[in-house]
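Open the model in your viewer and keep the whole chain on screen. The tour starts with the overall fold and then moves to its parts.

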Amino acid sequence: MEVIRNSRVMQQSVKEYIHRGNSIGFVPTMGALHEGHLSLVRRCREENDISVVSIFVNPMQFGASEDFSRYPRDVEDDMAELRKAGVDILFMPVAENIYPEGFATYVNVEHLSDRLCGHFRPGHFRGVATVVTKLLNIARPTRAYFGQKDFQQFLIIKQLVRDLDIDTETVMCPTVREADGLAMSSRNQYLSPEERNAATVIYRTLCEAKEMVISGKLTPVEVKSLMEKTLSAVPLVEEVQYASAFDPETLEDITSLNVTIYRKKNILLAIAVRIGKARLIDNELVEIAGIKGGNER
Ligand code: AMP
């Protein structure tokens, strides 16, 4: 595995692979790799000639009171995992290389960036959109791989790729979970054993809500209060930031499943909570076509 720390060197290296006709797959990460990241890496390897992974804890996407300085970093283990996975290039720049002095250009994806997590993390998605745009310009991948766990992030990246004519196919991969359903996340490391146990309520709530929607017992509109109630019943859940059903294209609240208003096949059930020092998110897509009350006429 070649380790590249400089964006110009990276661009040069990629240019040569492209010149030789190779397809390039890319997985951007912030490191502290777990099975969720590695599932993207495996898919990337399967579908491309050359696999590129980046590790960059992007300061621009963290708010002043957020966890940038204590975000888990484990470069040695990460490198060993990526080598074992057969990755061709690891791009691991320092912040000064990505944001040199005088840096002044930002990418802002309107509307989508203000909803859900954007409401609680102002400026977060501007930081994500800016760094991902830069990384896609540096690695020039044929395909780039992202996890469904960060569904809003994926939508925003898909939108910026389309709006800015970036020649990359964006691929969303399923969320990888622990045995008890908790979505794998580098931030799970912040949890004490009791908090880790309490965090299982997130996926439980998503499953319960999904079941209620599919069985037609509750409409997606009604399911919001059930989700909030289930999450709030766990004392270690300090704050429920959002827990509801959303339109998976616009991220707007769903107000009706009437077919003239809601023409989509799916709804998104999504949650963000704070437990201890961790802010945790998760989501599930639910197919509503054909279910009772789904796209009712
Ligand atoms: P991060 O290092 O948290 O920025 O994540 C890098 C990529 O891995 C993003 O596309 C995430 O959506 C994805 N990812 C993180 N956790 C998981 C998971 N549990 N399952 C699948 N993909 C994930």
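Begin with contacts in this predicted model. Among those in the protein chain that join residues at least 6 apart in sequence, 74% link residues at least 24 apart.

Switch to a cartoon view next. The protein chain shows 10 helices and 9 strands.

Now select the C-alpha atoms of the protein chain and orient the view along the principal axes. These atoms fill a box of roughly 55 × 45 × 40 Å. Does the radius of gyration agree or disagree with that of a compact globule? It agrees, because a compact globule of 297 residues would have a value near 19 Å and the protein chain has 20 Å.

Colour by domain. Select 2-173 for domain 1 and 186-295 for domain 2. Over C-alpha atoms, the centres of domain 1 and domain 2 are 27 Å apart. To show the contact between them, pick 22 residues from domain 1 and 21 residues from domain 2.

How much accessible surface does the protein chain have? The total is about 14400 Å², and carbon and sulfur atoms account for 47% of that area. Colouring by burial instead, 53% of the 297 residues in the protein chain count as buried, with under 20% relative accessible area as the cut-off.

Finish with the charged side chains. Select the positive set and the negative set in separate colours: the protein chain has 36 positive side chains and 41 negative ones. The centres of the two sets lie 2 Å apart.

Technical notes:
Residues numbered from 1 in each chain as written. Predicted model: local features only at pLDDT ≥ 70, side-chain atom pairs only at ≥ 80, totals over all residues. Heavy atoms only, no water. Helix = DSSP H or I, 4+ residues; strand = E, 2+ residues; numbered from the N terminus. Rg over C-alpha atoms; globule rule 2.2 N^0.38 Å. Buried < 20%, exposed > 50% of the residue type's maximum accessible area, 1.4 Å probe, protein only. Contact = heavy atoms within 4.5 Å. Areas by Shrake-Rupley, 256 points an atom, 1.4 Å probe, with all protein chains shown as cover. Lys, Arg positive; Asp, Glu negative; His and termini not counted. Charge placed at Lys NZ, Arg CZ, Asp CG, Glu CD. Domains from an automatic or database assignment.
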